[in-house]
Amino acid sequence: MNNIVYVALVSLYAIFVRWCISLNTYSGAGKKPMFGDYEAQRHWMEISYNLPVHSWYTNSSVNNLLYWGLDYPPLTAYHSWICGFLSQKINPEWVKLNTSRGYERYEHKLFMRYTVLFADVVLFFPVIFLIFKQMKIGETQMIKAAMLTLMYPGLILIDHGHFQYNCISLGLMLFGVLFLSQGRDLLGSIAFCLALNYKQMELYHALPFFCYLLGICFRSQNQNGFFRLIKIGLAVITTFVFCWLPFLSSVESAIQVLHRLFPFARGLYEDKVANVWCTLSLVIKLKNILTTDHIILLCLVSTLVMLLPSSLDLLIRPSIQRFKLALINSSLVFFLFSFQVHEKSILIPAIVVCLQINKEPFWCVWFGVLSTFSMLPLLIKDGLTTAFIGCTLLYIILSLTLYDLVQYTGWKKSLQKLMFSMSILGMAVLTIGSLTVKPPVHLPDLFPVLVSAYSCVHFVIFLFYFHYRQFTLANDRVDEVVLKKKMS
Amino acid sequence: METWWMVVGIVTCTKLLLFPSYKSTDFDVHRNWLAITHSLPISKWYYEDTSEWTLDYPPFFAWLEYLLSQIAQFFDPEMLKVENVDYRSDATVLFQRLSVVLTDFIYIYAVKEFCTKCIKLQRKDDNNSDIFTSPYLILTSLLICNAGLMIVDHIHFQYNGFLFGLLLLSITRLYEGRNIEGALWFAALLNFKHIYLYVAPAYFVYLLRCYCFKSDGVAAKISWRTFSFTRIIMLGFVVISVFCLSFGPFMLMDQLPQVLSRLFPFKRGLCHAYWAPNFYALYNVVDKAATLFCKKYNLLNISDRGSAMMTGGLVQEFQHTVLPSISPLVTLILTGLSILPAVLHLWVYPKGPKSFLRCLILCGFGSYMFAWHVHEKAILIITIPFSLLVLDKKRDAQLFLILSTVAHYSLFPLIFTKAETVIKICMVLLYTVYSFYSVGNIYRIPWTLTQLPLCSTIETLYLLGIVPLEIYNSIINPGLGLDQRLPFIPLMLTSVYCAIGIMYCWIKFYILTFQEKMPKSHRE
């Protein structure tokens with residue numbers, strides 16, 4: 001009974017905070033002619049509801065792809081279709097073809113906010129509770145970890161403030177992690193494929209999934225491993241075929257969708273992102289030296305090289321704990337080195353960092369706060385400043401209440417305290433600066449650049465730390481449970 | 001101790017998150033008062049009427065607004081212009097919301113004072129830092145996180161946190177035996193908001209009986225020899241000088257009648273737009289039912305004048321059709337009668353500050369039940385002092401749980417905008433689940449699936465009945481399209497349903513209070 005009460009209280013509070021954030025404005029509110037992500041999602045509802053499936057991704061007189069053309073994989077499109085269908089039932093004005101562009105009303109905003117809240121509560125909440133329960137760390141620890149993860153400000157602010165459905169793709173991915181740690185390879189790979197088919201950004205996590213499953217198959221005794229691999233492969237292919245079914249009628253239509261999903265025509269990064277390239281541009285303007293093709297190649301090579309160590313390690317010594325760390329490392333490498341990165345993509349590593357909360361509260365909380373801070377320019381632009389401050393403070397206070405952040409002893413303890421307080425102080429200074437100081441005329445982007453560079457330095461430190469963690473992980477018993485289960 | 005600060009931190013951050021939520025006209029009222037006190041000389045404060053939201057709080061509150069306006073000018077000077085009626089820029093919202101959050105620290109301080117000085121901690125509880133089991137932290141959380149206060153102050157917009165801080169501080173001082181200070185704080189409170197006059201009888205009788213008579217406040221019989229003239233003079237001096245400080249300038253300017261007419265507007269109706277769930281809600285419904293009954297059987301010749309629906313929205317005077325109509329004088333008499341037994345009980349069986357607190361709550365109850373033009377917000381005058389009783393007796397704790405649940409639900413119509421529905425439901429549920437669970441822990445009563453802790457089956461059923469009621473109000477009624485034709489139905493149902501619960505708590509609390517006549521030491 002006690003646990004039901006705690007779960008209820010945590011969930012209620014998490015819903016409460018999400019809804020408070022959703023009272024704020026969304027991205028691009030009232031900003032004609034393009035608006036923002038909110039309008040993009042609404043536009044997809046309009047397109048998917050009114051047009052036949054095969055024309056969703058193609059440019060036509062009724063589907064101008066330059067105006068928020070669909071550029072997410074099919075599952076997002078199906079989800080948009082469901083929401084579009086509901087919108088049509090409530091008020092046909094909301095999704096009327098072409099005339100509904102830039103529709104912004106009180107009721108519509110409520111509807112859109114409810115769809116995000118629903119997805120969050122139905123998909124994301126359960127997986128968070130289940131995944132910590134699966135870790136067998138005791139009920140109190142489970143509640144604590146789940147609470148802090150649910151209160152991670154970055155995801156709340158982007159999904160319920162800025163407006164996106166990250167909770168769905170991340171939730172599906174976490175279901176994948178959950179199933180794999182229960183030893184259910186097939187379900188795990190299906191869940192991850194669904195995540196991938198909801199948002200292509202989940203590719204950041206694909207390599208660890210692949211390496212872990214492959215490694216496990218190699219490790220299996222006798223012929224089992226081979227059959228296991230075949231089964232997983234079949235599951236993956238079947239899932240993809242089901243998701244892509246309407247677009248498989250011809251090669252062109254499939255190619256067209258793929259082309260929409262991976263637009264290499266865009267720039268190296270959007271706005272100011274806390275990744276290596278953006279920070280490097282303070283010193284060297286890569287855009288001026290290299291052609292786009294060369295930049296893409298550079299990104300590709302550096303990403304691959306950086307991915308190698310953690311992936312190979314996972315492939316050779318597969319275990320659940322190593323898999324979770326590899327998820328962090330892989331997605332962080334993608335964020336720091338790959339081409340065309342959004343500041344919001346930091347959520348992808350951040351959510352897997354949250355899974356380490358009960359083991360390394362200090363590093364996770366630090367990462368949580370910093371990753372939220374790295375999106376500050378975006379949040380300020382969206383009018384979410386108070387929400388950002390409130391949420392982040394809340395997260396820090398909660399983490400101090402629930403966990404003893406001091407991990408080390410002796411000189412390390414002093415160093416840790418010093419680093420943490422300096423880092424928080426820096427963030428506070430930059431936040432206040434961004435809000436109050438007017439930048440000089442010739443440097444209009446002063447604060448966004450400072451925020452990005454400051455965050456990037458941190459992320460590089462985090463990258464080293466989590467690599468260090470992965471490589472020094474005790475060579476545990478390769479998850480006897482996972483292997484045995486398949487043999488019996 | 002550390003956990004205590006964490007609770008404060010979490011609650012304060014939660015308040016920050018509520019900034020963009022719905023603001024009632026009280027927001028404009030307070031902004032207008034900022035403008036009036038900032039830009040006009042004192043002599044015009046109580047005459048200004050550009051906006052319909054004229055200054056109708058006592059002078060101390062006006063001075064508070066004056067102080068706030070000194071800071072407000074750095075946020076947005078436009079908000080300090082009287083002619084900018086209903087001005088709501090982002091900076092104005094930020095400033096006003098922040099001012100509520102910051103003045104709330106008076107309340108938090110008062111809660112801390114009460115919890116550290118007036119609770120006797122049992123056994124090893126001192127080191128317990130679990131907010132679900134430590135009595136100290138439970139009481140703190142129940143007070144600081146009070147859902148009603150959150151709704152009224154941080155969504156609807158008022159400064160009740162600050163005012164209740166003064167009330168709690170005054171109660172704490174009386175508990176400590178620092179009676180003069182207690183009286184001082186209460187006198188100051190009265191000059192901030194005069195609605196607290198309703199609980200003044202409790203103060204008057206208690207101070208007279210237990211302070212002015214030096215008989216240590218427990219003797220059953222009054223011995224007139226112990227009456228202390230020095231004490232009553234001191235008391236009188238303190239109270240009167242506070243009032244002089246407040247009203248003095250206006251008396252010098254010969255404005256007292258004008259100020260008083262602003263403070264006590266009797267032209268409003270018996271009930272507020274939404275009936276507060278008190279005696280008159282039941283009375284109105286009986287009248288309504290009787291009217292329908294009579295109409296059906298043509299028992300009475302009823303003209304159409306009285307058939308205007310009362311919960312339609314406008315504050316207006318209302319004629320009852322079958323039952324006799326109620327005049328202000330009648331409400332005054334009824335209120336007096338309802339308070340009288342409590343006050344007499346305190347006079348005859350003074351049992352120290354605890355009996356004073358009970359009398360104060362009963363005064364709050366009486367005025368809420370019977371006074372003229374009661375706002376639903378006034379329920380806080382009962383629930384917040386009632387929280388202080390939670391740790392003492394199991395039966396009080398049980399009543400508190402029922403009362404606070406009903407009271408918070410009765411505030412729902414205050415926040416009627418659709419966007420805030422999720423917030424108010426989550427907030428009240430959070431508070432209710434927490435209070436049932438933690439208070440259940442204090443008395444070591446486990447949860448069962450059929451019965452709420454500390455409640456009987458009927459009480460449980462009554463409380464759970466709120467769920468279908470709210471589902472009807474927020475889903476079925478608009479779903480059937482009835483919200484256009486019969487918009488008052490949900491309001492009426494809510495106020496009648498809550499009135500029954502509050503009435504029940506009031507009567508039961510009266511009985512509990514009368515049952516404890518003498519302290520144990522005297523009886524044995």
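**Helix packing and the chain contact**

A: Happy to: α6(A) and α19(A) are roughly antiparallel to each other, because angles over 145 degrees count as that. This is a predicted model, where local features need pLDDT of at least 70, side-chain atom pairs count only at pLDDT 80 or more, and totals for chains, interfaces and linings use all residues. Residues are numbered from 1 along each chain as its sequence is written, with chains lettered from A and ligands numbered from 1 in the order in which they are written.

Q: At what angle do α6 and α19 of chain A pack, and how far apart are their axes?
A: The angle is about 150°, and the axes lie 9 Å apart. Axes here are lines fitted to C-alpha atoms over the stretch in contact, and angles run from 0 to 180 degrees between N-to-C directions.

Q: Which residues make the contact?
A: From α6(A), Pro153(A), Ile156(A), Leu157(A) and Gly161(A); from α19(A), Ala387(A), Phe388(A), Cys391(A), Thr392(A) and Tyr395(A). Contact means C-beta atoms, placed from the backbone, within 7 Å.

Q: Switching topic: how many residues does each chain bring to the contact between chain B and chain A?
A: Chain B gives 24 residues and chain A gives 25.

Q: Which helix supplies the largest share of chain B's side?
A: That is α17(B), with nine residues. Helices are DSSP runs (H or I, at least four residues), numbered from the N terminus.

Q: And how many helices and strands are in chain B?
A: Chain B has 22 helices and zero strands.

Terms used. Helix = DSSP H or I, 4+ residues; strand = E, 2+ residues; numbered from the N terminus. Parallel < 35°, antiparallel > 145°, perpendicular 65-115°, else oblique. Contact = placed C-beta atoms within 7 Å.
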